[in-house]
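Hello,

Here is the structure for you to look over. My notes follow below it.

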Amino acid sequence: MKVAVIGTGYVGLTTAVSLAMNGHQVIGIDLVEAKIVKLRQGISPIYEPGLEEALKQVLENGTLAFSTKLQEAADADVFFVCVGTPEAADGTADLRYLYSAVAAIEQMHQASPKRRVVVVKSTVPVGTGDKVAELLSGCRELSVASNPEFLREGSALYDALAPSRIVIGAGEPETREVMEELYKGVDAPRVVTTRANAELIKYASNAFLATRISFMNELARLSAALGTDIVTIAHGMGLDSRIGPEFLRAGVGYGGSCFPKDTIALLQLAAQNGISLGILEQVRKVNATQPVWFLQQLQPFVPDCRGKRIAVLGLAFKPDTDDIREAPSLAVLQALEEKGAAVFAYDPIATDAVRQKFPNVTYTKTAEEAVQGAHAALLITEWKECVQLDWEQVYQKMAQPVLLDGRNAWPAKIVKEAGFRYVGVGKS
Ligand SMILES: NC(=O)c1ccc[n+]([C@@H]2O[C@H](COP(=O)([O-])OP(=O)(O)OC[C@H]3O[C@@H](n4cnc5c(N)ncnc54)[C@H](O)[C@@H]3O)[C@@H](O)[C@H]2O)c1
């Protein structure tokens, strides 16, 4: 099929590449000229494992092209809308990019009408797909489907090619058929339903995953007080098939471009409908206080941070991505700067983005460099470059051998035996 993908960020670019790999003829559209210039050269503006190689391949095959002009996509049968839906000042989803993309589609369609399907892939509040359909009701040949995205940054391409499920929200049988045709050959369970159900499935999924994390983070505080081990507890819990092992890892809090904004957007949507989602409110509170709670563990070892060198390892919101949106590292850097610490930070990919926000932090080229002369080292993102360290060397380099493991990813037994004072999350 001929497909246009509007917005070439984390979701749009991955969607465009995966559809092209699956044999469709795809054109990616973005407003940002610089991005399109790079993409045409086979350079990915974002870091995602395997994405750039795949991009080069589909460009070479001629199944993917890019443009800043939507008119160049006029012969497409399907228009994916993958633009950002960030958090507005009041916590609701800011839909201005979405509506502006829809207006552009309408204009293009009116100039050359034909049967087309507009697919909303961006995460949007319940009712948005219906509103888009209403806005486009003047264009008789256009229909609207909701097709939320569930990819995980860090394994985005893999997830797009082998999704956990494909959720299709569409009323008319012909629209559902187009969506089925589009995903023909992709082996994943289908949920074919209304647009509203599809939209809520996305928010509910993210809210539930955030709830699991905050539940474990709150429990980790109790576990630390009791002297029990949250990792063992999570393992024991996860073996129950009703619970399952995923998303039970206590840490320094969740971040990223989705959970923070989607949980607040869902709370706002509920409030607009007179419903209070108390559990979700608590989920957000726990997450907001988790970095603060984590940093309190530093107090016994570094009672006064002023002038003390603190190493922060890992800045991206999770490993294998360059995304720092709402990363817990930002809260940690902010707090350490307020305490007057001299912060030395390392991340394999995300340093440049963080430097713009924290110009006074010293950014190092390796984890080993960051821990040089440090009074404590903090693990914030479990990149392998930050986890697999030569502990003897690290011990010798540090001014004081104190490790605060915000991801329970360092080898506790080994580092303790090596003489470090080690604190994990939710461990004695
Ligand atoms: N990032 C994720 O892991 C993820 C996962 C699932 C769902 N989502 C949802 O997908 C959507 C996109 O997220 P993202 O992380 O890819 O965002 P992003 O900010 O990385 O990318 C959005 C892109 O859209 C472009 N854009 C904005 N308006 C445009 C327009 N009118 N025409 C053409 N291009 C336009 C921007 O220039 C940008 O390149 C959001 O709703 C998000 O919640 C994201």
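**Ligand site**

A backbone N or O atom of Thr-123 sits 2.9 Å from an oxygen atom of the ligand. That is a polar contact (a pair of N or O atoms within 3.5 Å; within protein, one must be able to donate a hydrogen and the other to accept it, and residues adjacent in sequence count only if both atoms are side-chain atoms). Taken alone, the ligand exposes 830 Å², and the protein buries 89% of that. Areas are Shrake-Rupley accessible areas with a 1.4 Å probe; for residues, only the protein chains shown count as cover.

A caution on sources: this is a predicted model, where local features need pLDDT of at least 70 and side-chain atom pairs count only at pLDDT 80 or more, while totals for chains, interfaces and linings use all residues. Residues are numbered from 1 along each chain as its sequence is written, and side-chain values use heavy atoms, with hydrogens and water left out.

A polar side-chain atom of Asp-30 lies 2.6 Å from one oxygen atom. For Arg-325, the distance from a polar side-chain atom to a ligand oxygen is 3.0 Å.

The shell holds 28 residues, and the closest are Asp-30, Lys-35, Thr-85, Glu-153 and Lys-261. A residue counts if one of its heavy atoms lies within 4 Å. By class, 12 are nonpolar, nine polar and seven charged. Nonpolar means Ala, Val, Leu, Ile, Met, Phe, Trp, Tyr, Cys and Pro; charged means Asp, Glu, Lys and Arg; the others, Gly among them, are polar. Helix α4 (96–111) and α1 (10–21) each supply at least two shell residues. The most come from α4, with three. Helices (H or I, at least four residues) and strands (E, at least two) are DSSP runs, numbered from the N terminus.

Domain 1 (2–193) and domain 2 (202–288) both contribute to the shell, so the ligand lies between them. Those bounds come from an automatic or database domain assignment.

**Backbone**

Most residues other than glycine have a negative phi. Glu-326 has a positive phi, near 55°. Its place is the loop between β9 (309–313) and α12 (328–338). Asn-408 is also positive, with phi near 45°. That residue is in the loop between β13 (402–405) and α17 (412–417).

Best wishes
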